[in-house]
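The exercises below ask the reader to work through one model step by step. Please keep the sequence and structure in view while following each solution.

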Amino acid sequence: MLKRTPLFEAHQRLGGKLIEFGGWEMPVQYTSISDEHHCVRKAAGVFDISHMGEVFVGGDGAEAFLNATLTNDVRKLAVGLGQYTLMCNEAGGVIDDLYVYHVAPGEYLLIINASRIDADWEWLQERHRAFAAAASVTMDQASDRFGAIAVQGPRVAEFIDKVLPGPSLAGTPATLVTDLAKNQVGDWMVDGKRVYVGRTGYTGEDGFEIVAPAETIGDVFDRVLAIGRDFGVRPSGLGARDTLRTEACFPLYGHELDEKRTPIEAGVGFFVSLGKGDFVGRSVLAGQKADGVAQRCVAFKMVGAAPPPRPGYAIFVGGESVGLVVSGTQSPTLACGIGMGYVPSGVAVPGTVVEIEIRGRRFPAEVVKKPLYKKA
């Protein structure tokens, strides 16, 4: 049986087209993928991300434990800051990519991918058992108790302060939600419940991600739609979320990232802090940073008229199959086919001409610098 988020009835009421996604029944669109995509680029969209997981890690040893488990340097996070990071196995393969917020002194909130909740929790428990100071670290798998939404787009800052009025109560000191800078997080109260608000997102636009108790997230969602109506906000589904993140070249677990691919190969090596000390996968990742890798994940754009590329399509150079598309779509913003794929490092140079095999025919494409889209 498919799982449902606390916003399932709202999706039905709003006419969302529901599909199976990673074991969840989620809206792929309400009107059309293209309409919702353009709405986020030009005004505002709100996405249900309640299927994603939440894990709290706390205690005197929390910072050291997370630094030994994740690739980025948690020591950089003052209270009220968040960072993108990855959790790797001993071979450097990615177990998951996630966000970690330092929400209070000695307390961290991890936002993990929906399809990886069980795998992540098992891995964190395993690492906790192996951690020398395990008694100084607490962990709480809170995914079933929380919901979340992402409010994204250039006009969000015009109305979000009315959705969540007043100053922050913890995290980053802020008089208004819009006082938060990128990657900062604060606490607000809704119906007497603590709500976490981070200035983060997965679309390439400005916006906020709001994590609230499951019984409260529906009220927040309704307030966004009601207060944001005059600013063009629309409910948006998984379809637009995918086209937006592909234009921004944000990786998706199971596509650009998996347990056989490392952050260096995936092009997110910036979030691997080799200088912080030992962590799981460090020796392999250090070797790859020093010696290079055989394959890299690149962005590409179709040249001329062509059907949209899709995951699994072969990438050719000089008549030879050299790699595979891992993400591909028709870009509503750029009005052409775009994607990401793994190719030999020698091919991973902007300006390189490749071909994508689509339904038995090969169409030209060009390797381009990431991201494919960047807001003005």
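**Exercise 1: Cover of a helix**

What covers the buried residues of α2 includes β2 (24-29), β3 (44-48), β9, β13 (233-236) and α7, where contact means heavy atoms within 4.5 Å. The model is predicted, so local features need pLDDT of at least 70 and side-chain atom pairs count only at pLDDT 80 or more, while totals for chains, interfaces and linings use all residues. Residues are numbered from 1 along each chain as its sequence is written, and side-chain values use heavy atoms, with hydrogens and water left out.

Task: State which residues of helix α2 (residues 33-42) are buried.

Solution. 
- Step 1. Apply the classes: buried means under 20% relative accessible area, exposed over 50%, and partly exposed in between, with a 1.4 Å probe and protein chains only.
- Step 2. Apply the element rule: helices (H or I, at least four residues) and strands (E, at least two) are DSSP runs, numbered from the N terminus.
- Step 3. In α2, the buried residues are Glu-36, His-37, Cys-39, Val-40 and Arg-41.
- Step 4. Arg-41 also has its charged end over the ring of Tyr-373, 3.8 Å from the centre; the criterion is NZ of Lys or CZ of Arg within 6 Å of the ring centre and within 35 degrees of the ring normal.

**Exercise 2: Strand β5 and its partner**

Task: Determine how many residues of strand β5 (residues 82-88) are buried, and how many bridges join β5 to strand β6 (residues 94-104).

Solution. 
- Step 1. In β5, 7 of its 7 residues are buried.
- Step 2. Gly-82, Tyr-84, Leu-86 and Cys-88 point one way from the strand, whereas Gln-83, Thr-85 and Met-87 point the other way.
- Step 3. β5 and β6 run antiparallel and are joined by 7 bridges; two strands pair if DSSP finds at least two bridges between them.

**Exercise 3: Cysteines**

Solution. 
- Step 1. A disulfide is a pair of cysteine sulfur atoms within 2.5 Å.
- Step 2. The structure as a whole holds 0 disulfides.
- Step 3. Both sites can be classed by accessibility: Cys-88 is buried at 0%, and Cys-336 is buried at 13%.

**Exercise 4: Aromatic pairs**

Task: Classify the pair of Phe-56 and Phe-146, then the pair of Tyr-202 and Phe-250.

Solution. 
- Step 1. Rings of Phe, Tyr and Trp (its six-membered ring) pair if their centres lie within 6.5 Å; planes under 30 degrees apart count as stacked, over 60 as edge-to-face and the rest as tilted.
- Step 2. The structure holds 9 such aromatic pairs.
- Step 3. Phe-56 and Phe-146 are 5.8 Å apart centre to centre with 50° between the planes, a tilted pair.
- Step 4. Phe-56 lies in strand β4 (residues 53-58) and Phe-146 in strand β9 (residues 146-152), so the pair ties together parts 90 residues apart in sequence.
- Step 5. Tyr-202 and Phe-250 have ring centres 5.8 Å apart and planes at 15°, so this pair is stacked.
- Step 6. Tyr-202 is buried at 17% relative accessibility, whereas Phe-250 is partly exposed at 27%.
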